[in-house]
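Open your viewer and keep the selection tool at hand. We will hop from one spot to the next.

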Amino acid sequence: LSVASTEITTENTCKMSQQQARRARQMSTTMKHLTELLTSRSDVFVGNASAVDVIPNMPKPSNTVHSTLTTLLGGEGTDRYVVYKGFLESLNEHGSICLRAIGFLLHQLSVTSSDEDGYEMQRGHLNSHLAMDRTAAECINLLPIKGVNTEVLVGGTETNNSIYGVLNTPMKSKMGSRLLQLWLRQPLVDLKEIQTRQHAVTTLVENSLERDALREEGLAAISSMDLDALSGKLEIYSASSNATKALEALYKLHLFATRGLPVVLNVLANFPDGDPLIEKLQQGLIEVSSDLEQSVQLVEAVLDMDVAPRDYLVKSSYHEHLGDIRQELDQIQEELDFIHRDMNDLWNKMSGSSSDQVRLETADNNSDNNKKSTCCWQFRIPDTNASKILQKDSGITVHRLLKNGVYFSTKELRQLGSKKQDLLVEYQSHQKEIVQNAMAVGVTYVPVLERASILLAQLDVLQSLAHVAANFTIKKEWKTKNYRGETH
């Protein structure tokens, strides 16, 4: 779906009068709001991906648009053409704008009069859901109020001061939380669809053991997997030179296909038959599982699963130099384990402790406090008072003192980290082409992940509604006074 707009820049604003510039800014703001509205409509777009492109100016249609449409609709004597002609006449003065939009659409789709005539024109509808803006939703406490001190304004906490907060508490996935907000903001108006959802919720309420298993076992297995984000990463890194991030995305795809989705399907297999919506979701997930079988083979053929997720590397068998580098990386891991044990012994002597409290963790090179660090790892002791003891040793460098402990390193650890980084850079230079070829195949599974996201989100919302219906009770205390003022 494309939306025409006038792009406002500093250059063309200077050429406008103040009134023209003001109107242009208003138009730009209006188009922005329109884009946000369209992307939020589940009856306009299927799935979670946004498909709105804002184009600077709508091109004028050529004289062949009408003749092309006549051919595509089967000629002037067909019912399809009559419907199209009547539609244009009903638009009156807006018919030319409609033709421009259709002409642009045909151009974008590369549709010409030489194509087959199996087309028909249908009027679109945006009334399958009840649209509700944020102001209306906040007035009835449908959604949490954004901003500071919301608890002071409406009372309670974010988990119970709105309908969304109450229903979102049992949610297990980010996909489900997003879909819940969409369902609340765009409630159904079709009675049959409403009853279908209600029947599914009733089934889940009546089968408490299966419902709890779905929530605590099945959906819990994918609680840390955001399939929408994973789909985006597969698309981004398929055209990126970052081999590590690309392989990480493939690894997460493998995790979902082998450890997340099978658990959900095993739980659903124990559900009683009879609910059409749950059975439809189950069948859809079975098809997703089947479609992801080849992706599992792809990842296992390319990614070195022995070192993932510690490191994301392709198998060393793909290149002769990779085998030599891999041996050196294995030696570094052995030296790292030795340095860790040695640091624990040193700390026990310094503190008089008999337990191994020194933890070895991967350094966060993205943090502001560690941007200049070249070390792959850092030690951490949970006790913040340990910094006073550590600073007595000149061979120890304290990096950060946080609530969760003291982060520090030694010269040997930093040197070993630098050596590993150099080897990884060399390794990635050899694996770059292999990763690109693998990602060219991996990105083809994005539509499958998008289907899985929709199905699992619906399942998560339904179980959340059922969980609240089964466990959330409202107690009302009615008080009346008689003519004597006595309370009953």
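Start by selecting serine 231, which is buried at a relative accessible area of 4% (buried means under 20%, with a 1.4 Å probe and protein chains only). You are looking at a predicted model, where local features need pLDDT of at least 70, side-chain atom pairs count only at pLDDT 80 or more, and totals for chains, interfaces and linings use all residues. Residues are numbered from 1 along each chain as its sequence is written, and side-chain values use heavy atoms, leaving out hydrogens and water.

Serine 231 sits in helix 12, residues 227-237 (helices are DSSP runs of H or I, at least four residues, and strands are runs of E, at least two, numbered from the N terminus). Now show leucine 227: its backbone oxygen is 2.9 Å from a polar side-chain atom of serine 231. Leaving aside residues up to four places away in sequence, serine 231 touches Val446, Leu449 and Glu450 (contact means heavy atoms within 4.5 Å).

Next stop: the core. Select Phe256, Leu285, Leu292 and Phe408, the residues with the most contacts inside the largest nonpolar core, which has 95 residues (such a core is a set of buried Ala, Val, Leu, Ile, Met, Phe, Trp, Tyr and Cys residues joined through side-chain atoms within 4.5 Å). Helix 13, residues 243-268, gives the most to this core, with 15 residues.

Finally, pick strand 5 (residues 396-402) and strand 6 (residues 405-410), which run antiparallel and are joined by 6 bridges (strands pair if DSSP finds at least two bridges between them). They form a hairpin with 2 residues between them. Select arginine 400 to find its bridge partner in strand 6, tyrosine 407.

Note on methods:
Buried means under 20% relative accessible area, exposed over 50%, partly exposed in between (1.4 Å probe, protein chains only). A polar contact is a pair of N or O atoms within 3.5 Å; within protein, one must be able to donate a hydrogen and the other to accept it, and residues adjacent in sequence count only if both atoms are side-chain atoms.
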